[in-house]
Amino acid sequence: MTQSKTSMFSPEDVHCAVLSNGITVLARSNFNSPSVSLGGYLPAGAIFETDDKLGLADFVSSMLMRGTHSRSFDAIYNELETAGASLGFDSGVHTTNFGGRALAEDLPLVLKLLSESLVSPAFPKDEVERLRAQLLTGLALRAQDTSDMADLWFEKFLYADHPYGKPSDGYPETIQAITRKDLEEFHRLHFGPRGMVIAIVGAIQPKKAVEAVAKVLGDWTVSRQKEAPVLPPLKPLKKGIRHHHPIPGKSQADLVVGVIGPSRKNPDYMAASLGNSALGQFGMMGRIGNVVREKSGLAYYAYSSLHAGVGPGSWEVAAGVNPKNLNKALDLIEKELKRFVKYGVTKEELADSQANYIGRLPLSLESNGGMVSAMLNIHRYDLGMDYYQRYEKIVRGVTRDDVVAVARKYIHVDRLVIATAGP
Amino acid sequence: MKNPVTQVQLKNGMKIMLKEIHAAPIISSWVWYKVGSRDETTGKTGISHWTEHMMFKGTKKFPHGMLDKAISREGGRWNASTSRDSTRYYETMPAARIDLALRLESDRMTKSIFDAKEVASERTVIISEREGSENEPMFLLGEEVLHAAFRVHPYQHEIIGDMADLYAITRDDLYKHYRAYYVPNNAVLSLAGDFETKAMLKRIRELFEPIPMGNPPPRLVRPEPERKGEVRLTLEGPGETMFTQIAYPFPNATHPDYFALQVLESLLNGASGLSYKTCRLYRALVDTGLAVDVSGWSESTIDPFLYRITIVHRSDRKPEKALTALDAEIKKLQDKPAPAGEIRRAVKQARAVFAYGSENITHQAFWMGHTSMFADYSWYTTYLKKLASVTAPDVQRVAQKYFQPNRRVVGTYIPKGKGR
């Protein structure tokens, strides 16, 4: 094989600048294709919502490009689509996120529209109502989706009253309750440059990328940008919960089974992640895939996943099965979880997952978008720009004892949350 | 061209396509078999897709369970899919590990076991896959529309197959299908990434050339007769949301009208992978508040297929109004040539989509093989040029020719849920 440029980035590859108003810009060049990707976030998430207005942050982020003080919804999208470029916003508990891509020649256009959407959205009345109708249709479709509804109930029980237990897209009644004034006020109080991060990767010199961001967002100042509230403590579950959400007329039921997992910054994270790989990811969906799909033929998909972010994460198993096989699949999953907690992973399983984590890096960093996500994660979780230089050591440093210890720490088989949805 | 493609035919008829790209230490390898739902007869629908599943169940040399672990251990990604026209298997691996993928593919071209127990277990997995799809109103509606659009041609059924056949197909049916279509003279290997062509070709010859040529695979030749008269159908099911799907017969990917239709599609519904909020149908149906969403897509196929438009209706609006607005938009394109600026925009959008695709080696290997299923690679390399040569009168002419109400199928999903 020939020598070629590695995709792994080092601190020297990534240009990091902090603008005077607090915006962090991360930039890296990649001239292999004439395109650029960008992504980022700012601390304006659902954590600021009240229970009667759930979905407000999401509503605001979906409104940002539906008209600004200088451009209509149609004018914004006409410029973007004419350039074959894209830009979009969404929101989670902690942040409003954005992402986009364009030919390098159109980066200034995308940045200008990003800036306008963030700084001066107009929330036009007719657009608010049009979006409301679309959001309500989305919620009607969610109510019919067995996988979405199993997820919704799972999170509701797992996190109880914690902000992580509330759906970021709200409920029909909360979406109905949100007024145009609520949208404006949420934007006024929570949007600002402090805490904002933007990453740009592609056919542009990093310094030029920073200049381009500074040109459109460098002057943005907000004097009363509110600090995010501290996450409330999570109440641990005292016993297991099982809940079924009926959706008549469906052919398949979905199940989610799980527990609270570590946050991304928790030292347990890598051991839990490698353990999870053996449990329900590696090869054909790990051990879970092996017993539920390969050996029993019960499901097309059956896997486990670890969702680790700023606060307490979730460690869960999901599958879609024929309704008559629901209990059978749940039994098999519970047995696997017990085995995992008792014995952890084998030497071979751990070595396999470690090799996979290290070997797959070039693939996950191949595209501009993949690189943008990696840079944002490194920044968000303080992993250090030399993270990928240290990565192999971190992965190889996890032992079988570490895995079984985190399995026992987090997975309490007598206190599982089990949510199912289907006929 | 920046990265030339080397194309070679092995002595056994297998076609090899190689494209060196040294941007990252990755190689993507795709093996394509020209067999899909297009080749399936009544009673055997879904057999190509099921065969694809069985290819992961092992050979003597790479037993079941070892294959996926071996690839994953090396940090590779692999999967397979079945389309109307082809079945394809890919591995994208760190460059130094690609030999494993090549050895695996050469072995399973002829030596997959098709163990009876594995067939039985996979039957229920595929039934479960279909049940998952049946949960989606759009799958159910799409299936009805497809059936109505094709009375004769085998494009009439979904790729996953009908439930009756998923219960009835036997191990021997699957094995027979495998042996008939998985022959080197019906296969293409497309490889892109960090390798040297000469050395790679030598290795490919060692692995694939000894596989004997097979009989030419059987083909169904059942062209669809032209429809005269619109078909309207309804389907009832759970939920609160109404959908309409409208299907117009479209020509195949090598038809002279194909590129003018791509431009027309872009005008109506945008380019693949981009937002479509300023396209004609969105403006006419969504901006006006008549519907929640409208989208459309065609496929690049061997035989003539369809252009399908899906409307997601608003519960507080009459669905007929959305359909009337759609007809009015199509009529505008038939009555008057589109402005030159709109056509230039379609070309620019395609240029951007091509640039995004070139960031990704897996994508580049995909396109080489994919185009070889219905055309040759020049179809792909000249795509932007052909698109740029489309004129406004071309677009008007194809709008008149293909968007005829008396040749279309209009299917509506009627929700029987809350509030109805």
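Predicted model: local features only at pLDDT ≥ 70, side-chain atom pairs only at ≥ 80, totals over all residues.

Visitor: Into which domains is chain A divided?

Guide: Chain A has domain 1, covering 15–217, and domain 2, covering 241–422. Their centres, taken over C-alpha atoms, are separated by 28 Å. The contact takes 27 residues from domain 1 of chain A and 30 residues from domain 2 of chain A.

Visitor: Which elements supply at least two residues of the side of domain 1 of chain A that touches domain 2 of chain A?

Guide: They are β2 (24–29), β3 (35–42), α5 (146–159) and β6 (197–202) of chain A. Of the elements, α5(A) gives the most to that side, with 9 residues. By class, the side of domain 1 of chain A has 13 nonpolar, 11 polar and 3 charged residues.

Visitor: What does the domain assignment of chain B give?

Guide: In chain B, domain 1 is 5–208 and domain 2 is 231–415. Here 28 Å separate the domain centres, taken over C-alpha atoms. To the contact, domain 1 of chain B brings 36 residues and domain 2 of chain B brings 28 residues. On the side of domain 1 of chain B that touches domain 2 of chain B, the elements that give two or more residues are β1 (5–9), β2 (15–20), β3 (26–33), β5, α5 (137–149) and β6 (187–193) of chain B. The most comes from α5(B), with 9 residues. That side of domain 1 of chain B divides by class into 19 nonpolar, 9 polar and 8 charged residues.

Visitor: How should I read a single helix? Which residues of helix α16 of chain A are buried?

Guide: A residue is counted as buried if 20 or more other C-beta atoms lie within 10 Å of its own. In α16 (residues 400–410) of chain A, the buried residues are A:V403, A:V406, A:A407 and A:Y410. Because they cover an arc of only 105° around the axis, they are on the same side of α16(A). The buried residues of α16(A) pack against β8 (253–261), α9 (269–280), β10 (313–321), α11 (326–343) and α12 (347–359) of chain A.

Visitor: At what angle do the axes of α9(A) and α12(A) cross?

Guide: The axes of α9(A) and α12(A) cross at roughly 110° and come within 9 Å. The two helices are therefore roughly perpendicular to each other. From α9(A), the contact is made by A:L274, A:S277 and A:A278, and from α12(A) by A:E349, A:L350, A:S353, A:Q354, A:N356 and A:Y357. These residues divide into 4 nonpolar, 4 polar and 1 charged.

Visitor: How many residues of chain B are in contact with chain A?

Guide: On chain B, 57 residues are in contact with 57 residues of chain A. Two or more residues come from each of α2 (66–73), β5 (87–94), α4 (116–134) and α12 (340–357) of chain B. Of the elements, α4(B) gives the most to the side of chain B that touches chain A, with 9 residues. The residues of that side of chain B divide into 19 nonpolar, 19 polar and 19 charged.

Visitor: Where do the axes of α10 of chain A and α2(B) stand in relation to each other?

Guide: The axes of α10 (residues 282–295) of chain A and α2(B) come within 8 Å and cross at roughly 115°. Their contact is made by A:F282, A:G283 and A:M284 of α10(A) and B:D68, B:K69 and B:S72 of α2(B). By class, this contact has 2 nonpolar, 2 polar and 2 charged residues.

Terms used:
Residues numbered from 1 in each chain as written. Chains lettered and ligands numbered in written order. Contact = placed C-beta atoms within 7 Å. Helix = DSSP H or I, 4+ residues; strand = E, 2+ residues; numbered from the N terminus. Nonpolar A, V, L, I, M, F, W, Y, C, P; charged D, E, K, R; others polar. Domains from an automatic or database assignment. Buried ≥ 20, exposed ≤ 12 C-beta atoms within 10 Å, placed from the backbone. Arc of directions from axis to C-beta. Axes fitted to C-alpha atoms, helices over the stretch in contact; angles between N-to-C directions. Parallel < 35°, antiparallel > 145°, perpendicular 65-115°, else oblique.
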